[in-house]
Amino acid sequence: MTTPVISGNYEVTFLTTQTSPADVAIYEQLASRFHELNPNLTVKVTAESNQNIDQKLLTYLTAGTLPDIVHTSDNFAKPYKENNITQDMIPFAEKYGFPWQDFDPTFLNLGIVDGQLHMLPKQGDVIIPYINLRMAKEAGVTPPLEFDPLKDPNGWTWDEFEKLYKRLTVDQNGKRGDEAGFDKENVAVYGASVAVDQWYIYVPLVLGEGGQFVSDDLSKSLLNSPAGIAAFKKLTQPMVDGYWAPLTLIQTMNNQSGNVFAAGQAAISLLQRLWCSTLRSTLTDDFDVMHFPKGPAKRVAGMGTFGFALSAKAKNPDAAWAFLQFMYGEEGMKIITSSYASVPAMKRFYDSPFWRDLPGPPYHNAVFVDAFSYGTTPPRIPFYSTGPFRQAVTDGIVAVVLGKSSVEEVVANVDGELNKILQARR
Amino acid sequence: MSSTFVTPISEPARSPSRPVATPKAKRRFRREWLWALFFLGPNLLLFLTFTFFPILFGFGVSFFRWTIIEPPVFIGIDNYQQFFFADRLTGKVVTNSLVYTLSALPVSVLLPLGIAVMLNQGIKGTAFFRSIYFLPLVTSSVAAATIFKWLYAKQAGPLNQLVGIFGVPRQDWLFDEKLVLPALIITAIWHGVPRNIIFYLAALQSVDRTLYEAAKIDGANTWQQFRYVTWPLVTPTTFFVLIITTIGLLTGAFDMISVMTQGGPLDASNVLVFNIWRTAFVNFQMGYASAMAYILFLVVLVFTIVQWRLQKRWVHY
């Protein structure tokens, strides 16, 4: 691998959607170290809120003022390429000998569009259960922290997960969820807090039931099936029964199920790695992570990534590439993973001690990488359709929880909505 | 013989308001125009760039189907037809908007008048109460909405703890289809009242004190003084408050709803202005959202015109 040699001074502009001070500090650290190594190059880091990023991106798109390096994700790789917002990075990778094929294929393929590379995955994210160890101890349960799906593929099932979160649920009178007299209207601590309206929760549940979300050619929805209905029952019944945090509580906590866990109001939450840095600073209890439970058919967890791409409007793409190459090198990855917020997406760093050996919590870091083996990425529906589809799912779940609709009706409705979207794109 | 009936030709009469434009006057006029342009220009430029042209652009977009990513497609008045005849949400959204506005309006207009009358008494402690009542005015709407979201929380919200004292079971204020709009209305009233108090205070302070003295001499009690002296003289301010409060309620609920309910549960708190945002930036239907925005504009315009016509019956200048 060779380092780009850039003559003259240049300021690389860089856009990220990670706005927390800890994350911005990491990017500033990367920028600072890069500048030390390349005194003629500076990096200007801009952080935009992810919640508003669609609007920001629309503004940049129409104004044509994209920075040299832009945050992107699987949803945006294709539209960015089609609208000439990002450019193919393979020529740069090959020019400088960067091992771009070393990324996990699942993540890499999310950024490959028509044979071109339009996203370098920054980290590998897989949704796995986090558990509050103090609450587990008080409940007298032993969570399967040492469980290895390679050794026991049929172990740690959803039924066992159900027993666990019921046991961990406690009402205001101290009654547990699996005890007689449990008052679901007055819960003090929920067994789990789950973002039920997010694809990375409901899609894996459908697949875990043996169902399918959409057909392989993306022409029609396959959600309306016994597996789809069973999956949506798994999503809604625990909230109705008081074992999972209700949507109103999650909404009060800034619409983040992880915040309920961080506040000590839930014993388990299904989250990705980036929550580690928040939990280490806000949760006073010890916590750890475990593998995703297996559904009746298979074990599936939501997996995804986001990354960065070279803007097609970069005035000095080699300089911008130089920063990307540094970021994705060992020194850059060491800086990035030091915040506990990332798992490297490049295979050569999976076993690197610079992130594996970070002091806990969490203590079982291998789970974050081992879970890639059963991860699934989101279905590739058009990104501008994800809004109405997500609304249909959210409304459906709310309707079930409020007793307005049955699960069967909701699944049929969501299936219809998805079919409309898929037929519109043909 | 003298020609007494022959009128000599005379100069045309000069209007005193239109002096003859001498070169000096023309130069002065031009200079004044340049100064006017200098001071008004920046604001005019901003207005044209960020208000006027986007309004025109939005009107144009309303006749297209446009997702931003794909090229716009001209569809005529389809977006407007969709709103009135094809969108299953229209009825709910319009009903919610009307309920929200018409419920909050009377309290938002009359309560500030009552508070202003009390604050205008000049009794001890008035300055302290003025500070308290003006606090919502200096609070950002997003911050206020965040606090109210916590206040209304089912599990640990103070409101549920308060009503629990009276034996009322805990309510899910923001997740109950029947309670969510009243909860939002209360928040809107809390946030909107202080601004109207300021308008009324200014109006009350311009009422001639001698009128109250005269009324007292004539034997008028407190209510009669209010009814026959205060109220007629503040009706112009009341009219103004009515108009701006209505416009504010119809168009300004977005940030509160976005923070507190996102239009839910099941669109129970989805009003037109929030639906416009969601249609544009979540569903990426720019054309349809623009059409809805213009429909909202027409609603506000019609309401304002109606109120303007009705003012003759009750506003005293």
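# Close-up views of a predicted two-chain model

**View 1. Where chain B meets chain A.** In this contact, 18 residues of chain B are paired up with 19 residues of chain A. Sorted by class, the side of chain B that touches chain A has 11 nonpolar, four polar and three charged residues. Please keep in mind, here and in every view below, that this is a predicted model.

**View 2. The two domains of chain A.** Chain A is divided into domain 1, covering 10–124 + 305–349, and domain 2, covering 126–303 + 378–424. The centres of domain 1 of chain A and domain 2 of chain A, taken over C-alpha atoms, are separated by 30 Å. Where the two domains touch, domain 1 of chain A gives 12 residues and domain 2 of chain A gives 10 residues. On the domain 1 side of this contact, helix H3 (residues 74–82) of chain A brings the largest share, with four residues. By class, that domain 1 side holds six nonpolar, five polar and one charged residue.

**View 3. A five-stranded sheet in chain A.** This open sheet has five strands in the order E9-E10-E11-E8-E12 (chain A), and its pairing is mixed. Strand E9 (170–171) and strand E12 (287–289) of chain A stand at the edges with a single partner strand each, so one side of each is left without a neighbour in the sheet. E9(A) and strand E10 (residues 187–193) of chain A run antiparallel and are joined by two bridges. To find your place along this pair, look for A:Val170, which stands opposite A:Val189 in E10(A). Helix H7 (residues 158–168) of chain A packs on the sheet, where it touches E10 and strand E11 (266–271) of chain A. The direction of this helix makes about 160° with that of E10(A).

**View 4. A three-stranded sheet in chain A.** Here the strand order is E7-E13-E15 (chain A), in an open sheet of three strands with mixed pairing. Strand E7 (125–126) and strand E15 (375–376) of chain A are the edge strands, each pairing on one side only. Strand E13 (residues 301–304) of chain A pairs with E15(A) in the parallel sense, over two bridges. Within this pair, A:Gly302 has A:Thr376 in E15(A) as its bridge partner. Helix H8 (residues 199–208) of chain A lies across E13 and E15 of chain A, and runs at about 130° to E13(A).

**View 5. The two domains of chain B.** Turning to chain B, the domain assignment gives domain 1 (24–53) and domain 2 (78–314). Taken over C-alpha atoms, the centres of domain 1 of chain B and domain 2 of chain B are separated by 37 Å.

**View 6. Helices H7 and H9 of chain B.** Helix H7 (residues 180–205) of chain B packs with helix H9 (residues 222–251) of chain B at an angle of about 155°, and their axes are 10 Å apart. At that angle, H7(B) is roughly antiparallel to H9(B). Their crossing is right-handed. Among the residues that meet here are B:Gly192, B:Phe199 and B:Tyr200 in H7(B), and B:Phe240, B:Val241 and B:Gly248 in H9(B). By class, the contact of H7(B) with H9(B) has nine nonpolar, five polar and no charged residues.

**View 7. Helices H3 and H9 of chain B.** Helix H3 (residues 90–119) of chain B and H9(B) pack at an angle of about 145°, with axes 9 Å apart. The crossing of H3(B) and H9(B) is right-handed. Residues that meet include B:Tyr100, B:Ala104 and B:Leu113 from H3(B), and B:Phe226, B:Val241 and B:Leu250 from H9(B). In the contact of H3(B) with H9(B), 12 residues are nonpolar, seven are polar and none is charged.

**View 8. Helices H11 and H12 of chain B.** The axes of helix H11 (residues 272–281) of chain B and helix H12 (residues 286–314) of chain B are 8 Å apart, and the helices pack at an angle of about 160°. This makes H11(B) roughly antiparallel to H12(B). H11(B) passes H12(B) in a left-handed crossing. One side of the contact includes B:Leu272, B:Asn275 and B:Ile276 in H11(B), and the other includes B:Tyr288, B:Met292 and B:Leu296 in H12(B). The contact of H11(B) with H12(B) is made up of 10 nonpolar, two polar and no charged residues.

Notes:
Residues numbered from 1 in each chain as written. Chains lettered and ligands numbered in written order. Predicted model: local features only at pLDDT ≥ 70, side-chain atom pairs only at ≥ 80, totals over all residues. Contact = placed C-beta atoms within 7 Å. Nonpolar A, V, L, I, M, F, W, Y, C, P; charged D, E, K, R; others polar. Domains from an automatic or database assignment. Axes fitted to C-alpha atoms, helices over the stretch in contact; angles between N-to-C directions. Parallel < 35°, antiparallel > 145°, perpendicular 65-115°, else oblique. Left-handed = near helix turned anticlockwise from the far one by under 90°. Pairing = 2+ DSSP bridges.
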